[in-house]
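Dear colleague,

I am handing over the structure we spoke about, and below it I have set out what was found. Please read the notes with the model open beside you.

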Amino acid sequence: MSSGQNERREMPRSEMTGAEMVVQALKDNGVKHVFGYPGGAVLPIYDEIFQQDEVEHILVRHEQGAGHAAEGYARSTGKAGVMLVTSGPGATNAVTPLQDALMDSIPLVCLTGQVPTSLIGSDAFQECDTVGITRPCTKHNWLVKDVNELAAIIHEAFHVATTGRPGPVVVDIPKDVQFAKGIYVPPQTAPRTSYQPKVQGDLEKIKAAVELMAGAKRPILYTGGGVINSGPEASHLLRELVDLTGFPITSTLMGLGAYPASGKNWMGMLGMHGTYEANMAMHDCDVMVCIGARFDDRITGRLTAFSPNSKKIHIDIDPSSINKNVHTDVPILGDVGRVLEDLVRLWRATAKADKKALHPWWEQIAKWRARDSLAYKMNHDVIMPQYAIQRLYALTKDMDTYITTEVGQHQMWAAQHYHFEKPNRWMTSGGLGTMGYGLPAALGVQIAHPDALVIDIAGDASVQMTMQEMSAAVQHEAPIKIFILNNQYMGMVRQWQQLLHGNRLSHSYTEAMPDFVKLAEAYGGHGIRCEKPDELDDAIKEMISVKKPVIFDCRVATLANCFPMIPSGKAHNEMLLPDEATDEAVANAIDAKGRELV
Amino acid sequence: MNAQHLQPTGSAYFIAKETERPENHTLSVLVDNEPGVLARVIGLFSGRGYNIESLTVSETEHEKHLSRITIVTRGTPHVLEQIKHQLERIVPVHRVVDLTVRSHELGQERPLERELALVKVAGTGEARVEALRLADAFRASVIDANTEHFIFEITGKGSKLDQFIAIMKPLGLVEICRTGVAAMNRGPQGM
């Protein structure tokens, strides 16, 4: 991945204030948009932003919103997202998006103001130990104490955020450093010697992988967000690999879109709410090729029963991901794109795809597919949430569409029933599971792609966590569509209470729901409500046609559960399928040991 | 359809892991000597639930601003490998060497490990004479004394220091300060 640093021929060295340096460094790193919220300790930087128009500032309503917007911006463009916040509460409000970006490997550069160096440690107004608080939730962070180091640190921050396994970084800039004058240095290509991510895979290992794959009778490709982070070329190579090998392919939540959902080898998402065919194939395969994924607990189910009879190949840029949860037979350390390039080349040169040998495997997969694990009972009086997503997909798939989500049942239904053909079109909080991610993320995506159709598939509970960013969307004329599957419950919490706690619905019902239509209007947006399946299409079409932010209150069946499901502590071949999920089966799905798991 | 799960799984992957026994390993970590670097290392251990049995840190190459951190940790081989990789992810970390693994590769039982302790013992009469006699046997040197106390400086393996301290306990032990383990591998090769 390139760090996106521009060469600047004019002004090799020049004197400027710290605040000027910040804006100059943003420009030099190719930044066009910054999401932020002003405050005392960043006023000098805001003053510089005011006096130029190369870098556009997007004012949010809460710093968490700035972070998620920058994440959405980053995921949909492949570039670093940038946020700018003040000291103290500004920085602490940034913690959630920082951790979110850390777990989902999103390049996020967060600039924070800090009290002047002379006041650090004195419990000054709006002081907090920003580098201390953000140390475990960033890839790296810096406190800048000398204005002459500021420019180099910001350049390094962009480099660290965007290279290797991408992630969030924080640069904490005391107010006196923003006022002080020093020498600005442009971006240089001399990274620190201790940070040298390995991108090129070991050829011997790749050869071993090709050999193993060529001999496979029941292979599977299991891909993740690493393919998307590696850039569009990696997705292209992945498609080529699937065509060459004829292998079936599944993906994690984070990897959706790297391989097109319309591709014939696509088996759907795997994991806790993945398809039956994907999970059964994972369990029964003889060779598993994990590409840019990390064997997360949502994916593996019970580890002791995870794909017991397969040899595993794991391609990852992060050495700590390899052999962390699952033993790997052929570990390949490197950037997915580079490794796939070698893998595809070696496959072409040495391996002959014996697609006939895979016939029995594909026949077996066809049987699993025939189980139709995403089926649900249609209802003509009430909108089923799955139906709502299916109609949304049908009516928007031919447009330039980007989807974000909040966290919960609606997120899983979106992953199951909205189908992605391209990478960078799907923004969701996977690792951290941050309710409230989707609305500000949609804002960020819309800023990056002003003419696209950006939809936040939301739940009624999640969306209220960052609803205030509606105001930011209206201000910046970002016509995001907030499509709420409103069942009046924290649906996934309720589902787990049914699974684990005798259906005692402790505080998962929202008794006082706002009128979302009036709320949209109050913000200066457009509100739509739909309660009947036969009115849904027209309502969705209205949503698409309105050229301003829309809140769509889609009233859905209140007690629908999200299936299929691997209950906690169970294995891939112990899925709970929708047609078997009676109340009794749901109540007994998780045993005492599984109860303790998340 | 779910009959299969009643059979025991044939996975070899986790059988090995469960029978793995925790071991003590000594890691050498070469880092840029910059503010917060020790907090990054310690935070990693506490955040991920790894053990620290001993930790020492000091600048070793002033011109290059390099510090060397020596950590004695305890875990199964699988966890120890994770610790190494997690440490390597820290941006200012240059190198991580598991000295224990390295010593095995070199055909040695364990790396060279030394620790220094200052041990204050107060007393008079027979106990005082006995303390001095034992200190001599342990090759501890007296670095401060008056008529009622000694401060001994003792260097050696941790187990030797443990033993010395245990012996001093009934002889008027007042306080102890230990440096933690400094370690490197035998032979001409660097880390």
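Helices (H or I, at least four residues) and strands (E, at least two) are taken here as DSSP runs, numbered from the N terminus. This is a predicted model, in which local features need pLDDT of at least 70 and side-chain atom pairs count only at pLDDT 80 or more, while totals for chains, interfaces and linings use all residues. Residues are numbered from 1 along each chain as its sequence is written, and chains are lettered from A and ligands numbered from 1 in the order in which they are written.

Chain A

pLDDT is the predictor's confidence in each residue, on a scale from 0 to 100. For chain A its mean is 95, and 97% of the residues reach 70 or more.

The peptide bond from F563(A) to P564(A) is cis, with omega near -5°, and P564(A) sits in the loop between β20 (550-555) and α23 (583-587) of chain A. N323(A), which is not a glycine, has a positive phi near 65°, and it lies in the loop between β13 (311-316) and β14 (330-333) of chain A.

For burial, a residue is buried if 20 or more other C-beta atoms lie within 10 Å of its own, exposed if 12 or fewer, and partly exposed in between, with C-beta atoms placed from the backbone. N323(A) counts as partly exposed because it has 18 C-beta neighbours inside 10 Å.

Chain B

Chain B is divided into domain 1 (19-105) and domain 2 (112-184), with bounds that come from an automatic or database domain assignment. The C-alpha centres of these two domains of chain B lie 29 Å apart, and eight residues of domain 1 are in contact with seven residues of domain 2. On the domain 1 side, β1 (23-32), β2 (54-61) and β3 (66-75) of chain B each give two or more residues, and β2(B) gives the most, with three.

In strand β1 of chain B, T26(B) counts as buried because it has 26 C-beta neighbours inside 10 Å. Beyond four places in sequence, its contacts include T70(B), V72(B), P111(B) and V181(B). The C-alpha atoms of T26(B) and P111(B) are separated by 8.0 Å, although these residues are 85 apart along the chain.

In helix α6 (residues 158-168) of chain B, the buried residues are L161(B), F164(B) and M168(B). Seen down the axis of α6(B), they fall within an arc of 65°, so they line one face of the helix; the arc is that of the directions from the helix axis to the C-beta atoms. S159(B) and A166(B), on the other side of α6(B), are exposed. The cover over the buried residues includes β5 (112-122), α5 (125-137), β7 (149-156) and β8 (173-178) of chain B.

R139(B), in the loop between α5 and β6 (141-146) of chain B, has a positive phi near 55° and is not a glycine. R139(B) counts as exposed because it has 11 C-beta neighbours inside 10 Å.

Between the chains

Finally, 23 residues of chain A are in contact with 24 residues of chain B.

With best wishes

Technical notes: Two residues are in contact if their C-beta atoms, placed from the backbone, lie within 7 Å.
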